[in-house]
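Trainee: Please take a close look at a single part of this model. I would like one connected account of how that part sits among its surroundings.

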Amino acid sequence: MFLVNFIITLADILSFAIIVRAVLTWFPIRPNNVVVVFLFYVTEPILAPLRRVIPRLGMLDITPLVAIVILRFLPKLIFKLFT
């Protein structure tokens with residue numbers, strides 16, 4: 001049960017980081033800002049593989065949305081596998 005709770009918490013934290021990263025793109029923040037760099041290193045391993053598969057919709061990048069949906073369902077799937 002600890003593993004399931006850990007995965008749920010990790011998915012929540014990663015989802016939050018992806019949301020913050022997406023929102024920060026709306027503001028003129030330097031790319032070498034400490035927060036931006038940290039969020040890039042935390043979220044890019046999740047977003048980069050999705051960007052290779054999911055095409056952009058014009059100027060809209062929907063990979064953060066897809067990643068959050070996956071992160072929402074992943075703990076439920078793992079919970080089903082362990083119970």
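Mentor: Take Val 20, which lies in helix α1. The model is a predicted one. Val 20 has a relative accessibility of 25%, so this residue counts as partly exposed; the cut-off for buried is under 20%. Along the chain, Val 20 and Leu 39 are 19 residues apart, and their C-alpha atoms are separated by 8.0 Å.

Both residues belong to the contact between two helices. On the α1 side, Val 20 is joined by Leu 14, Ala 17, Ile 18, Arg 21 and Leu 24. The α2 side includes Leu 39, along with Val 35, Val 36, Phe 40 and Ile 46, among others. By class, this contact of α1 with α2 has twelve nonpolar, one polar and three charged residues.

Now the geometry of the pair. Helix α1 covers residues 2–24 and helix α2 covers residues 34–53. Their axes are 9 Å apart and the packing angle is about 105°. Angles of 65 to 115 degrees count as roughly perpendicular, and α1 and α2 are therefore described that way.

Ile 18, also on the α1 side of the contact, touches Thr 43, Ile 46, Leu 47, Pro 64, Ala 67, Ile 68 and Leu 71, leaving aside residues up to four places away in sequence. Ile 18 is also one of the nine residues in the largest nonpolar core, together with Ala 11, Leu 14, Leu 47, Leu 50, Ile 54, Ala 67, Ile 68 and Leu 71. Helices α1, α2 and α3 (63–82) each give two or more residues to this core.

Conventions: Residues are numbered from 1 along each chain as its sequence is written. This is a predicted model: local features need pLDDT of at least 70, side-chain atom pairs count only at pLDDT 80 or more; totals for chains, interfaces and linings use all residues. Side-chain values use heavy atoms; hydrogens and water are left out. Axes are lines fitted to C-alpha atoms, for helices over the stretch in contact, and angles run from 0 to 180 degrees between N-to-C directions. Helices (H or I, at least four residues) and strands (E, at least two) are DSSP runs, numbered from the N terminus. Angles under 35 degrees count as roughly parallel, over 145 as roughly antiparallel, 65 to 115 as roughly perpendicular and the rest as oblique. Contact means heavy atoms within 4.5 Å. Ala, Val, Leu, Ile, Met, Phe, Trp, Tyr, Cys and Pro count as nonpolar, Asp, Glu, Lys and Arg as charged, and the others, Gly among them, as polar. A nonpolar core is a set of buried Ala, Val, Leu, Ile, Met, Phe, Trp, Tyr and Cys residues joined through side-chain atoms within 4.5 Å. Buried means under 20% relative accessible area, exposed over 50%, partly exposed in between (1.4 Å probe, protein chains only).
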